[in-house]
Amino acid sequence: MFKLTAVFVLSALACFTSAVPLEKRINQNTIDSKTLWEAACSKAGGDPQCNIIAVKAAATLLANAGPCDQQDSADAMIDLAKTLNNDPEMIRLAQLFVQQPRNAIFFP
C-alpha cells in the first residue's frame, strides 16, 4: 500500500488550515442603504426612476457585485439629481451611499 510520512501529514495539515472558512465582513441590510436617497429623489420629482436606480444600487452592496458597480450606481444617482435641478440632498446622499461598506467576503 503506501506509508504515511511526517512530510505528507504536515503538508496535509497545512492545506487544511489554510482553507479556513470564509466569513462575512459586515452584516448590513442593503435595502436600508438606499431608503433616504429614494425618499429625497421622490421629493425632488424623480419618480418612477428613483426606485429603479435605488434597487439596483442596493444590489451593488452585496458580495457578488462587480468591482465598479457601487460607483456606477452612485454616478447614476448623481446624474438623476442633476436632471432635477442639481438637488443637493440627492447628491449628498449619493456621496454617502458610495462610502457604504459592501457585504464582501474575506479571509480573517
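Analyst: Helices are DSSP runs of H or I with at least four residues, strands are runs of E with at least two, and both are numbered from the N terminus. The model is predicted, so local features need pLDDT of at least 70 and side-chain atom pairs pLDDT 80 or more, while totals for chains, interfaces and linings use all residues. Residues are numbered from 1 along each chain, and side-chain values use heavy atoms, without hydrogens and water.

Asp79 is found in helix α4, residues 69-83. With a relative accessible area of 46%, Asp79 is partly exposed (buried is under 20%, exposed over 50%, partly exposed in between; 1.4 Å probe, protein chains only). Together with Asp69, Asp72 and Asp75, Asp79 makes up a surface patch of negative charge (residues over 30% accessible without a salt bridge, like charges joined within 9 Å).

Gln70 also belongs to helix α4, but Gln70 is buried, at 8% relative accessible area. The side chain of Gln70 reaches the backbone oxygen of Phe97 at 3.1 Å.

In one, Glu38 and Lys34 bring their closest N and O atoms to 2.7 Å; Glu38 is buried at 15%, and Lys34 is buried at 8%. Arg92 and Glu89 meet at 2.9 Å, N to O. Arg92 is partly exposed at 41%, as is Glu89 at 35%.

Key
Patch = residues over 30% accessible without salt bridge, like charges linked within 9 Å, V, L, I, M, F, W, Y side chains within 5 Å. Areas by Shrake-Rupley, 256 points an atom, 1.4 Å probe, with all protein chains shown as cover. Salt bridge = Lys/Arg side-chain N within 4 Å of Asp/Glu carboxyl O. Lys, Arg positive; Asp, Glu negative; His and termini not counted. Charge placed at Lys NZ, Arg CZ, Asp CG, Glu CD. Polar contact = N/O pair within 3.5 Å; in protein donor to acceptor, adjacent residues only side chain to side chain.
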